[in-house]
Amino acid sequence: MVSPFDVLDIEDDATEADVERAYRERVKQAHPDTGGSIEEFQLVRRAYRELTEADWGANGAGGANDDGGPAPADIDLDDGEGTGPIRVEFLDYEAVADRGWEIDDDDLFAKAAAADLPNADYGRLLVEPDESLLEAAENRGFSWPFSCRGGACANCAVYLVAGELSQPANHILLDAHAERGFRLSCNGYPLSDELKVVFNVKHLPELDELRLPPGPFRRMRTD
Ligand code: FES
């Protein structure tokens, strides 16, 4: 397995400042928008996380919390991409439909925040560098829909309200779906520092025909 020091191109005795400086440089090179790839981008983020693991552990990374989770210590987020766990605010489409809301309503998340919804329906979670959005939800105890986990159905689809999610394997969604803001959560990795998504959108008319039977394994919701 490649050393995180090699990934960041630093010496084994690099200081914390060296790690941060190297990370900021490498993550920009590795970003898909600047000629890198999803895989390289995730590799760099994972290397950074390994080298700063003590800080993440101390901050209790993962799980929903009041302010969206910890930010990496002493990192300038303005000139880098995704320096640690990505904050995700999520909303269940069922809650949207039950209340007659629209997913493209600019005030959708403000309405959700004011609606006193259960944490499984509306809340926040953190996505670690080596987790897809669906994996992160499951690892925090949520039960989001899926089936194939391979880009071949719309069961795991989410609607992007803010931010960007990669789509390395998509054999099902049309360009029009992607342009409208739909992404697959099973293999989607955050490409922005924050995300707002409506999950469970598989029942929308434009996605309904692209569904498969539910996957064989579902985790129980925590509420
Ligand atoms: S679960 Fe089928 S594409 Fe994600």
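The questions and answers below go from the overall layout to the cores.

Visitor: How many helices and strands does the protein chain have?
Guide: The model is predicted. Its elements run α-α-α-α-β-α-α-β-α-β-α-β-β-α from the N terminus on. The tally is nine helices and five strands.

Visitor: What share of the residues of the protein chain count as buried?
Guide: The chain has 223 residues. Among its contacts between residues at least 6 apart in sequence, 66% join residues at least 24 apart. The share of residues that count as buried is 37%.

Visitor: Why does the distance between the end C-alpha atoms of helix 2 agree with its number of residues?
Guide: Helix 2 covers residues 16–30, which makes 15 residues. The expected span takes 1.5 Å times one less than the number of residues. That gives 21 Å, so it agrees with the distance between the end C-alpha atoms, 21 Å.

Visitor: Which helices do the buried residues of helix 2 pack against?
Guide: The buried residues of helix 2 are Glu20, Ala22, Tyr23, Arg26, Val27 and Ala30. Their packing partners are helix 1 (4–8) and helix 3 (38–51).

Visitor: Which are the edge strands of the open sheet?
Guide: Five strands form the sheet, in the order 2-1-5-3-4, and the pairing is mixed. An edge strand here pairs on one side only. The edge strands are strand 2 (122–127) and strand 4 (182–184).

Visitor: Which residue in strand 5 is the bridge partner of tyrosine 159?
Guide: Strand 3 (residues 157–162) pairs with strand 5 (residues 194–199). The sense is antiparallel, over four bridges. In strand 5, the partner of tyrosine 159 is valine 198.

Visitor: Which residues touch the most other members of the largest nonpolar core?
Guide: Valine 198 is in contact with Leu91, Tyr93, Val96, Ile103, Val158, Tyr159 and Val161, leaving aside its neighbours within four places in sequence. The largest core has 36 residues. Those that touch the most other members are Val198 and Val201.

Visitor: Which elements give two or more residues to this core?
Guide: Two helices are on the list, helix 5 (93–98) and helix 7 (133–139). Strand 1 (86–92) is there too.

Visitor: How many residues are in the second, separate core?
Guide: Ile10, Ala30, Leu43 and Val44 are among its members. Ala30 is also one of the buried residues of helix 2. The second core has 13 residues.

Terms used: Residues numbered from 1 in each chain as written. Predicted model: local features only at pLDDT ≥ 70, side-chain atom pairs only at ≥ 80, totals over all residues. Buried ≥ 20, exposed ≤ 12 C-beta atoms within 10 Å, placed from the backbone. Contact = placed C-beta atoms within 7 Å. Pairing = 2+ DSSP bridges. Core = buried A, V, L, I, M, F, W, Y, C linked by C-beta atoms within 7 Å.
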